[in-house]
Amino acid sequence: MFKHFFTSIMSSKMALLRTSNSKSLVSLCCFVLQVVIVLCMSSVVIWLSLRPKIPVYKVTNAYAPALDRWNSTFHLNRVSKNNSISLQLEISNPNKRIGVYYNEINVTLCSGKSVIGTKTLPGFFQGYRNSTAAKVLVDADQKTWRGVKVKHMNLTVRLETAVQYKIFRYKTRHHLMDFEAYIPIGYDGRMLGKENVKMHPRV
């Protein structure tokens with residue numbers, strides 16, 4: 001009888017011990033799962049906050065003296081001595097705590113399928129949340145203006161460069177930028193419609 005009583009007590013203790021161990025194991029698994037979830041969420045938040053955004057390129061102004069109707073030289077001779085086209089560009093870095101290194105920036109002006117001229121701007125570094133204004137003066141030959149039947153034109157501005165993002169002390173690989181914008185030029189040689197035309201990736 002005593003043996004049976006002792007066996008019952010030991011069985012109860014073993015059952016309680018197994019139950020306790022099982023609960024401890026479940027608690028440990030829950031804790032590990034919570035840690036993994038928190039780490040994953042933190043990684044996603046950090047990745048999203050440090051994921052670079054593409055710089056914003058805008059054409060803020062454009063002027064072609066050869067198309068200016070008040071230009072008496074063009075009006076009388078149909079050819080202007082000033083064959084240049086002046087552009088104002090704005091390059092903005094929208095990132096937080098991420099700088100941008102720009103390689104040389106190639107700007108190409110086209111009218112239809114004809115290339116009017118090109119200009120290369122030197123590369124530079126731009127801090128986060130900064131904007132940089134750049135003046136681009138492109139020389140066109142007189143054949144460009146002889147081909148313009150009326151005193152206005154649709155201008156295509158193309159911009160090509162490569163950038164590296166600076167995240168803390170780390171530089172990313174080069175990312176190619178290939179953008180364009182369509183700028184209508186009116187009878188006074190200036191932009192028609194709204195200013196600050198945003199450039200879009202070429203397709």
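## A strand in the middle, and the core around it

Start with Ser-86, which stands opposite Leu-137 in β7. Here, two strands pair if DSSP finds at least two bridges between them. This is a predicted model, where local features need pLDDT of at least 70 and side-chain atom pairs count only at pLDDT 80 or more, while totals for chains, interfaces and linings use all residues. Residues are numbered from 1 along each chain as its sequence is written, and side-chain values use heavy atoms, with hydrogens and water left out.

**Ser-86 and its strand**

Ser-86 is found in strand β2. Helices (H or I, at least four residues) and strands (E, at least two) are DSSP runs, numbered from the N terminus. Is Ser-86 buried or exposed? At 17% relative accessibility, Ser-86 counts as buried. The cut-offs are under 20% relative accessible area for buried and over 50% for exposed, with partly exposed in between (1.4 Å probe, protein chains only).

Strand β2 spans residues 84-92, and seven of its nine residues are buried. On one hand, β2 pairs with β7 (residues 131-139) in the antiparallel sense over nine bridges. On the other, β2 pairs with β1 (residues 56-68), again antiparallel, over seven bridges.

Setting aside residues up to four places away in sequence, Ser-86 touches Asn-61, Ala-62, Tyr-63, Lys-135, Val-136 and Leu-137. Contact means heavy atoms within 4.5 Å.

**The nonpolar core**

A nonpolar core is a set of buried Ala, Val, Leu, Ile, Met, Phe, Trp, Tyr and Cys residues joined through side-chain atoms within 4.5 Å. The largest one has 36 residues, and the members touching the most other members are Tyr-57, Val-59, Leu-87, Leu-109, Leu-155, Val-157 and Ile-183. Elements giving two or more residues to this core are β1, β2, β3, β4 (105-111), β5 (114-121), β7, β8 (153-167) and β10. Which element gives the largest share of this core? That is β8, with seven residues. In soluble globular proteins, nonpolar side chains tend to be buried together.

Leaving aside neighbours within four places in sequence, Ile-183 is in contact with Val-59, Ala-62, Met-153, Asn-154, Leu-155, Val-157, Met-191 and Val-197.

**Rings and charges**

A search of the whole structure finds three aromatic pairs. Rings of Phe, Tyr and Trp (its six-membered ring) pair if their centres lie within 6.5 Å; planes under 30 degrees apart count as stacked, over 60 as edge-to-face and the rest as tilted. Two of the pairs are worth a click:

| Ring pair | Centre distance | Plane angle | Type |
|---|---|---|---|
| Tyr-57 and Phe-179 | 4.9 Å | 55 degrees | tilted |
| Tyr-102 and Phe-124 | 4.6 Å | 25 degrees | stacked |

Tyr-57 and Phe-179 are both buried. Tyr-102 in β3 (residues 98-102) and Phe-124 in β6 (residues 124-126) are 22 residues apart. Tyr-102 is buried, with a relative accessible area of 4%, whereas Phe-124 is partly exposed at 22%.

There are also charges over rings, meaning NZ of Lys or CZ of Arg within 6 Å of the ring centre and within 35 degrees of the ring normal. Lys-171 lies over the face of Tyr-101, at 4.0 Å from the ring centre. The charged end of Arg-190 sits over the ring of Tyr-63, 4.2 Å from its centre.

**Two loops**

Pro-52 is in the loop between α1 (2-50) and β1, while Thr-172 lies in the loop between β9 (170-171) and β10. Their C-alpha atoms are separated by 9.8 Å, although the two residues are 120 residues apart along the chain. Pro-52 is partly exposed, with a relative accessible area of 29%; Thr-172 is buried, at 12%. Beyond residues up to four places away in sequence, Pro-52 touches Asn-95, Ile-98, Tyr-165 and Ile-167, and Thr-172 touches Gln-164, Tyr-165 and Ile-167.

**The whole chain**

The chain has three helices and 13 strands. Of its 203 residues, 33% count as buried. Among contacts with a separation of 6 or more, 68% are between residues 24 or more positions apart.
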